[in-house]
Amino acid sequence: MSGPPRTYLAFDYGEKYIGVAVGSSHSRLAEPVTTLRGSAKNPDWVRISQLIGEWRPDALVVGLPLNMDGSNNSMTRAARAFGQRLKERYNLPVHMVDERLSTLAARDILNEAGVPMRRHKSRLDKVAAQTILQAFLNELPGETP
């Protein structure tokens, strides 16, 4: 593996909820952390700052919601704007990652884990962030663990 291990904090950006996950280039594994509440115009910056202080990431990852044909939509623009605000606020590199099908993958993970449907909503966003970050980690150059 080239260079020292790096820590990444990932966000599944939504209008009402933002899922958060953490992972590293060393373990190549992403883990769900939490789901934040907030509005599209006003994410929970206090909690995001706390998470960045706690995990001390080397870079941030934001899911980019594209249409199935790869074209942009209103959420694509909102996620890009969120990524730009993260970059400006925390002075960290921000990687935008295609998140098509991440929510579907998150539902599959929750179903396989035996999580009842009524509990999916409280966990879906952070597990979606985990799938986004895992896809990013899988694409990093270097040795596979």
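## Ground rules

Buried here means under 20% relative accessible area, exposed over 50% and partly exposed in between, with a 1.4 Å probe and protein chains only. The model is predicted, so local features need pLDDT of at least 70 and side-chain atom pairs count only at pLDDT 80 or more, while totals for chains, interfaces and linings use all residues. Residues are numbered from 1 along each chain as its sequence is written, and side-chain values use heavy atoms, with hydrogens and water left out.

## The sheet and its helices

Helices (H or I, at least four residues) and strands (E, at least two) are DSSP runs, numbered from the N terminus. Five strands make an open sheet in the order β3-β2-β1-β4-β5, with mixed pairing; two strands pair if DSSP finds at least two bridges between them. β3 and β5 (94-98) each have a single partner strand, so one side of each lacks a neighbour in the sheet. From one strand to the next, the twist averages 25°. Axes are lines fitted to C-alpha atoms, for helices over the stretch in contact, and angles run from 0 to 180 degrees between N-to-C directions.

Strand β2 (residues 17-24) and β3 run antiparallel and are joined by 7 bridges, and Leu36 in β3 is the bridge partner of Ile18. Helix α1 lies across β1, β2, β3 and β4 (59-64), at about 155° to β3. Helix α2 also packs on the sheet, where it touches β1, β2, β4 and β5 and makes about 170° with the direction of β4.

## Aromatic pairs

Rings of Phe, Tyr and Trp (its six-membered ring) pair if their centres lie within 6.5 Å; planes under 30 degrees apart count as stacked, over 60 as edge-to-face and the rest as tilted. That rule gives 5 aromatic pairs. Tyr8 and Phe136 are edge-to-face, at 5.0 Å centre to centre and 70° between the planes. This pair links Tyr8 in strand β1 (residues 7-13) with Phe136 in helix α4 (residues 120-139), 128 residues apart. Tyr8 is buried at 4% relative accessibility, and Phe136 is buried at 12%.

Trp45 and Tyr90 form a tilted pair, with 6.3 Å between centres and 45° between planes. Trp45 belongs to helix α1 (residues 45-55) and Tyr90 to helix α2 (residues 74-90), so the pair ties together parts 45 residues apart in sequence. Trp45 is buried, with a relative accessible area of 9%. Ring pairs link Phe11, Tyr13, Trp45, Phe82 and Tyr90 into a cluster.

How values were computed:
Contact = heavy atoms within 4.5 Å.
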